[in-house]
Amino acid sequence: MGGLNQSRKMTFGRYDYAAFTSFFAYAAGSVVVPVALVSLARDLGFSLEQGGMTAGGALHFGRTIPMIAAMLLCGFAAGRWGKRKTFGASVALMGIGILICALAPVYGVLFLALMLAGFGEGVIEGLATPFVQDLHPDESGRYLNFTHSFWSVGVLVTVLASGGLLSLGISWRWVVGATAAAGFVAAALLLIESTKSKYPEHPEPIHWTTVWGHTVKILRTRGFWLFFAAMFVAGGGEFCLTFWCASFIQLNFLDAAWAGGVGTACFAGGMALGRTGWGYLIDQRHLKHLIFWSALAGTLMTLLFPLVSNLWMLFGLLFLAGVATAPFWPSVQSYCADRLPETDTTMLFILLSCAGVPGCGAFTWLMGYIGDRTGNLGTAFYLVPACYLTLAALIGYDWWRSARQAKA
């Protein structure tokens with residue numbers, strides 16, 4: 001029990017709640033299209049049953065490109081205008097992009113609208129973690145896990161609500177449009193200044209040359225690239241399940257939006273429980289143990305997915321896989337900051353997200369491509385345990401390396 005942090009309470013302020021709401025809105029905008037993908041694809045002319053899986057996977061891959069561009073730029077923007085304003089404006093931009101998705105008449109407009117939303121999401125992805133890190137620099141692992149749990153809560157609520165509404169015959173356009181409202185609420189919480197509490201911004205604007213210097217220093221640090229690879233496969237494994245499990249259930253078990261929504265909700269519920277629980281319990285020095293053993297457990301669970309023939313058993317496995325997946329993204333970032341204490345944490349988290357987000361997009365597209373080539377989306381699910389096993393190997397190697405360094 002030495003690794004559990006049961007004695008210290010967690011305290012939250014105004015900007016913690018703004019971060020919670022932003023993560024919720026970010027998640028809602030990210031998963032509402034996957035949940036509605038089967039009916040959306042039929043409406044816009046790229047039916048998944050007739051070879052449209054690659055086009056479906058390309059939606060998130062196309063979203064990834066502006067996300068990466070935004071992440072590369074957001075450190076400079078935050079240095080010039082501050083994290084709070086940059087973060088808030090990006091949440092509003094994401095909401096606008098999702099709203100245009102709801103109005104899209106053809107696949108091309110949907111693709112471009114998701115790219116616009118993706119630019120806003122890229123800034124969110126890059127700044128959300130350092131935004132919380134600055135609020136709680138001493139125990140970032142706990143607070144990051146807890147805050148990231150609202151991504152999972154957003155996924156859970158969105159997939160259940162949208163799956164239910166779609167099953168009732170509500171148009172996917174109304175469902176997607178409603179999620180855009182969450183983004184506007186979150187943007188208001190960030191952009192409307194509070195007279196009672198101030199976000200701990202840097203007192204003066206940071207010149208772009210300073211930000212660039214931090215970036216170059218990190219990129220020249222050899223140990224950084226191990227964590228870069230870890231984030232790539234962690235993001236890939238997590239989002240493959242988030243994006244494709246609803247379509248997998250509808251195509252292979254039950255052609256009903258509610259079934260796909262429940263499946264995604266089981267995975268999200270496991271992630272929400274895992275992140276909230278570890279946020280309360282885990283000690284900062286035990287993050288490597290948490291990532292390593294969770295990755296091995298997740299590998300064993302996800303190996304069973306293509307073999308399961310009972311829908312309720314699949315729901316149970318998705319929940320357990322969510323618990324195993326929960327700590328990957330926030331814990332890898334926080335553990336990397338501990339291992340590279342001489343680096344600037346804002347740029348470090350941004351650059352790590354520049355690995356995780358492409359991992360999401362690349363593996364999501366690859367799953368769709370394999371599904372089209374094999375005619376069976378289930379076969380593509382073996383990519384998930386491959387990602388998790390690679391993550392365990394990378395963190396295990398760093399664990400062994402740090403132990404050797406300590407002995408030396």
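Modeller: Let us begin with a bend, which is the angle between axes fitted to the seven residues ending at a residue and the seven starting there. In this predicted model, H5 bends by about 35 degrees at Leu127, and a proline, Pro130, follows within four residues; helices here are DSSP runs of H or I with at least four residues, numbered from the N terminus. Residues are numbered from 1 along each chain as its sequence is written, and side-chain values use heavy atoms, without hydrogens or water. As the model is predicted, local features need pLDDT of at least 70 and side-chain atom pairs count only at pLDDT 80 or more, while totals for chains, interfaces and linings use all residues.

Biologist: Why do the end C-alpha atoms of helix H5 come out 41 Å apart?

Modeller: The expected span of a helix is 1.5 Å times one less than its number of residues. Helix H5 has 29 residues (107–135) and should therefore span 42 Å, which agrees with the 41 Å between its end C-alpha atoms.

Biologist: Which residues of H16 are buried?

Modeller: Buried means under 20% relative accessible area, with a 1.4 Å probe and protein chains only. In H16 (residues 383–407), the buried residues include Tyr388, Leu391, Ile395 and Asp398. Their cover includes H9, H14 and helix H11 (287–302), where contact means heavy atoms within 4.5 Å.

Biologist: Which members of the largest nonpolar core touch the most other members?

Modeller: Such a core is a set of buried Ala, Val, Leu, Ile, Met, Phe, Trp, Tyr and Cys residues joined through side-chain atoms within 4.5 Å. Here it has 122 residues, and Phe381 and Leu391 touch the most other members. Helix H9 (residues 222–252) gives the largest share, 15 residues. Beyond its neighbours within four places in sequence, Leu391 contacts residues including Ala230, Ile291 and Phe328.

Biologist: Is Phe227 buried or exposed?

Modeller: Phe227, found in helix H9, is buried, because its relative accessible area is 1%. Not counting residues up to four places away in sequence, Phe227 touches Val332, Leu352 and Ile395, among others.

Biologist: What volume does the largest cavity have?

Modeller: On a 1 Å grid over the protein atoms alone, a cavity is a set of points where a 1.4 Å probe fits but cannot get out, and lining residues have an atom within 4 Å of a point. Points are joined across faces, edges and corners, and the volume is the space filled by probe spheres set on them. The largest cavity has about 190 Å³. Of its 17 lining residues, the closest to its centre are Tyr26, Glu125, Trp151, Trp329 and Cys360.

Terms used
Buried < 20%, exposed > 50% of the residue type's maximum accessible area, 1.4 Å probe, protein only. Helix = DSSP H or I, 4+ residues; strand = E, 2+ residues; numbered from the N terminus. 1 Å grid on protein atoms, 1.4 Å probe; cavity = no way out; pocket = protein on both sides within 12 Å on 5 of 7 lines; lining within 4 Å.
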